[in-house]
Amino acid sequence: MPVIFREPGWGPFREMESLQRQMSRLLAETFGPGLPLWRPGVYPLVNISEDQDRVYVRAELPGIDPKDLEITVHQSNLILRGQRKIPGEAKEANYHRREREAGTFRRVVVLPLAVDPGKVDASFKDGILTVTLTKPAKLKPRQIKIKAG
Amino acid sequence: MAEKELKPKAKEEVPAKAEPVRPGRVFLPAVDIFETPEALVLVADMPGVPPDQVTVDIKESHLTIRGEISPPLGAKETLVTQEFYTGDYQREFHLGSTIDQKRIAAAMKDGVLRLTLPKAEKAKPRKIQVKAG
């Protein structure tokens, strides 16, 4: 039996992971900045961002009446439900193209951390829904001072 | 139709013809186009575009619509999860019928552009009577 020198932690999956990393870097270089897209397959798609105190969840919902939106927060789940209506046009209208779609949606977004359910704000501007959630005080970053010896 | 569930769609990027001046991606907005006896109406989804950042340009029978988005993130925000890309919108059309350019009306509400292009008098349809003979 030949002796195979193994690096600690070596394994077939590690090779795969390394390949995957290289591929996503290549993709990022080819298609420009931004994170690799996460594709959940549920409408609406959301982008989640954060700053020191808050988490922001944004969704593109053009032409939706905010009255047709229902937003619920339960622990670290944010639930977005609603309906997109496209008003019917006059009877004599004949279509050349019809790409916009109407329908209902219901989605759970798992937030990266538990939030304070009492401090949730939602705003709707130019067809973008922004849900602003406040991080609980105990999760906020704290600066640590080094004591002089 | 009312109970249909929406499916997410990836945004389609505009094929690059010339180098853009503004950095970032440019997408093709989803559109509905319909025609009534009086006008051609175009409805385009351009989420994130404020009303004052829409340009509509007609040269002869070539129509270009363009919308520039406001910055998608606040100054101190960093993205944690990204499911869609953000960018400007642009799409071009060739108009078949003659448009009365003086009476074009555009309205932008909640990220949806509605463009009404009234037909010129000579382009309006005429009903043709078939004579019995």
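In chain A, 54% of the contacts with a separation of 6 or more are between residues 24 or more positions apart. A contact here means that two C-beta atoms, placed from the backbone, lie within 7 Å. Before going on, note that this is a predicted model, where local features need pLDDT of at least 70, side-chain atom pairs count only at pLDDT 80 or more, and totals for chains, interfaces and linings use all residues. Residues are numbered from 1 along each chain as its sequence is written, while chains are lettered from A and ligands numbered from 1 in the order in which they are written.

Let's stay with chain A for a moment. It has one helix and eight strands, and along the sequence they follow the pattern α-β-β-β-β-β-β-β-β. Helices (H or I, at least four residues) and strands (E, at least two) are DSSP runs, numbered from the N terminus. Of the 149 residues in chain A, 21% are buried. Buried means that 20 or more other C-beta atoms lie within 10 Å of a residue's own; with 12 or fewer it is exposed, and in between it is partly exposed, with C-beta atoms placed from the backbone.

Now for the place where the chains meet. On chain B, 37 residues are in contact with 44 residues of chain A. Strands S2 (31–35), S3 (39–45) and S6 (78–81) of chain B each give two or more residues to this side, and S2(B) brings the largest share, five residues.

Some strands pair across the two chains, which takes at least two bridges found by DSSP. Strand S1 (residues 46–50) of chain A runs antiparallel to S6(B), joined by three bridges; A:Ile48 has B:Thr81 as its bridge partner there. There is also an open sheet of five strands, paired antiparallel in the order S5(A)-S2(B)-S3(B)-S9(B)-S8(B). Strand S5 (94–98) of chain A and strand S8 (105–109) of chain B stand at the edges with a single partner strand each, so one side of each has no neighbour in the sheet. Further in, S3(B) and strand S9 (residues 112–118) of chain B share seven antiparallel bridges, and B:Ala39 has B:Pro118 as its bridge partner in S9(B).

Last stop: B:Asp57, in strand S4 (residues 54–59) of chain B. B:Asp57 counts as exposed because it has 10 C-beta neighbours inside 10 Å. B:Asp57 and B:Glu92 are 35 residues apart in sequence, with 9.4 Å between their C-alpha atoms.
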